[in-house]
Amino acid sequence: MSYIQDVLEQLEKKNPGQPEFIQAASEVLTSLEPVMDRHPEFEQAALLERITEPERVVMFRVPWVDDNGKVQVNRGMRVEFNSAIGPYKGGLRLHPTVNLGIIKFLGFEQIFKNSLTTLPMGGGKGGSDFDPKGKSDMEVMRFCQSFMTELCKHIGPDTDVPAGDIGTGGREIGYMFGQYKRIRNEFTGVLTGKGLEWGGSLARTEATGYGLVYIVSELLSTKGDSFDGKTVCISGSGNVAIYACEKAQQLGAKVVTMSDSSGWVYDKDGIDVALVKQIKEVERGRISEYAERKSGVEYHEGRGVWQVKCDIALPCATQNELLIEDAKELIANGCQVVAEGANMPTTYDATLELQNNGVTFLPGKAANAGGVAVSGLEMSQNSERLSWTFEEVDEKLKNIMKSIFAQIDGAAKEYGVEGNYVAGANIAGFLKVAKSMMAQGIV
């Protein structure tokens, strides 16, 4: 049995009931065979065992009082996975599906995503099984204050810098930051995704979606191609999906689908981004309302986005949403590129199916790194007490995404897997962290 297989076997035994984490670890480690062959010192230092074990896991109860005066209790957690190249960095997810396995998978992915940005950030993730949907502002505030009362003991601008994620937007970040400041009596860049008036960065809202399109654009340019005239399918209708749609259409593409947990829409004339923003960002409504307000739009309940013919597919909703049957439909319909806007939205077998049938696949740890990249730029602005213009941040984001593509393309070529950007991203992200861990000793 190889070293990697042995590590994965032990990982499954130690982490029962955490399929997403095992999936993420397997996907990364199985692509590292050529690296381990070239660096036997990594095995001697038990590097894979160390990198797959979080440095710290904090789990705590979050009691809060609802509008009816009833006490509610949720579970909060923070997984501080790896700090070899910088303070822990990663979002806080508020969703009923949150559990330790989900947070560990997200934190593990974050290690390599942050490494690829070239910024000094380690990997972490956190959240709670609290669901902000349907809650009043006061209920959300009371939850966030209780959550931060415990979390503030474990984070700081040079230790761990959380951000937003699913369920955690500007409102939630504001309430959490206010409670941190109140308890610690300090105004620091401890959270990213803050309001522009109090330390936030321009272009942060757009960053993940824009960055996704920028890296695909860089890929296309190496083939002498562009977004112009392309048909694009996007899943999701949250922050990432909205701004990926906006930037793709600015570059001449036609985006024809968006979705949410209830269903999806097909707009043959191209998605009206302004209308989606009104429904999802202002009114917090459902995507079905888009079809009610615009003529000629089809609405379908459930899944189905990937059956629509397209040149480029951008899954921007949630993990494991693009299944092998979806991959087969995309292949049959002539899709050329699949790039992940969400974290691990494509199942492993679907990823292999796409790669084995000539579809260029850009994994999330590279393709959706724009959000955390601009979070890192927000940290820099906070440290220097500066505020950059939208254009300055956008240009830095564009250059970071170009750099990420160059890294994953170069690593794939160097290690004999040219064109396999999953392996390229894993190798490039891993090597920076691995060399840092080796230099810092057995810690």
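## Basis of the model

Local features are given where pLDDT is at least 70 and side-chain atom pairs where pLDDT is 80 or more, whereas totals for chains, interfaces and linings use all residues of this predicted model. Residues are numbered from 1 along each chain as its sequence is written, and side-chain values use heavy atoms, with hydrogens and water left out.

## Sheet architecture

Seven strands form an open sheet with mixed pairing, in the order β9-β8-β7-β6-β10-β11-β12. Helices (H or I, at least four residues) and strands (E, at least two) are DSSP runs numbered from the N terminus; two strands pair if DSSP finds at least two bridges between them. At the edges of the sheet are β9 (297-301) and β12 (360-362), each of which pairs on one side only. From one strand to the next, the twist averages 15°, with axes fitted as lines to C-alpha atoms (for helices over the stretch in contact) and angles running from 0 to 180 degrees between N-to-C directions.

Within this sheet, strand β10 (residues 312-315) and strand β11 (residues 337-339) run parallel and are joined by two bridges. A313 stands opposite V338 in β11.

## Salt bridges

Side chains of opposite charge can pair when their charged atoms come close. With a salt bridge taken as a side-chain nitrogen of Lys or Arg within 4 Å of a carboxyl oxygen of Asp or Glu, the count comes to 23. In one of these, the closest N and O atoms of D160 and R78 are 2.7 Å apart. This pair links distant parts of the chain, since D160 belongs to strand β5 (residues 160-163) and R78 to strand β2 (residues 71-82), 82 residues apart. D160 and R78 are buried, a class defined by a relative accessible area under 20%, with exposed meaning over 50% and partly exposed in between (1.4 Å probe, protein chains only).

D165 forms a salt bridge with R93, with 2.6 Å between the closest N and O atoms. Here the partners are 72 residues apart: D165 is in the loop between β5 and α8 (170-184), and R93 is in strand β3 (residues 88-94). D165 and R93 are both buried. A further salt bridge joins E289 and R293 (3.2 Å, N to O); both residues lie in helix α12 (residues 288-293), four residues apart, or about one turn of the helix. R293 is partly exposed, with a relative accessible area of 41%. Salt bridges that share partners also join E27, E109 and K365 into one network.

The structure holds one cavity of 30 Å³ or more. A cavity is a set of points on a 1 Å grid over the protein atoms alone where a 1.4 Å probe fits but cannot get out, and lining residues have an atom within 4 Å of a point. The volume of the largest cavity is about 120 Å³, a volume being the space filled by probe spheres set on the points, which are joined across faces, edges and corners.

Of the 13 lining residues, E27, E340, M344, T346 and T351 are the closest to the centre of the largest cavity. Elements giving two or more residues to this lining are α2 (19-29), α14 (348-356) and α15 (364-367). The lining divides into five nonpolar, four polar and four charged residues. Nonpolar covers Ala, Val, Leu, Ile, Met, Phe, Trp, Tyr, Cys and Pro; charged covers Asp, Glu, Lys and Arg; the others, Gly among them, count as polar.

## Positive phi angles

M344 has a positive phi near 50° in a residue other than glycine. M344 lies in the loop between β11 and α14 and is buried at 5% relative accessibility.

A46 also has a positive phi, of about 50°, although it is not a glycine. A46 is found in the loop between α4 (40-44) and α5 (47-51) and counts as partly exposed at 25% relative accessibility.

Methods. 1 Å grid on protein atoms, 1.4 Å probe; cavity = no way out; pocket = protein on both sides within 12 Å on 5 of 7 lines; lining within 4 Å.
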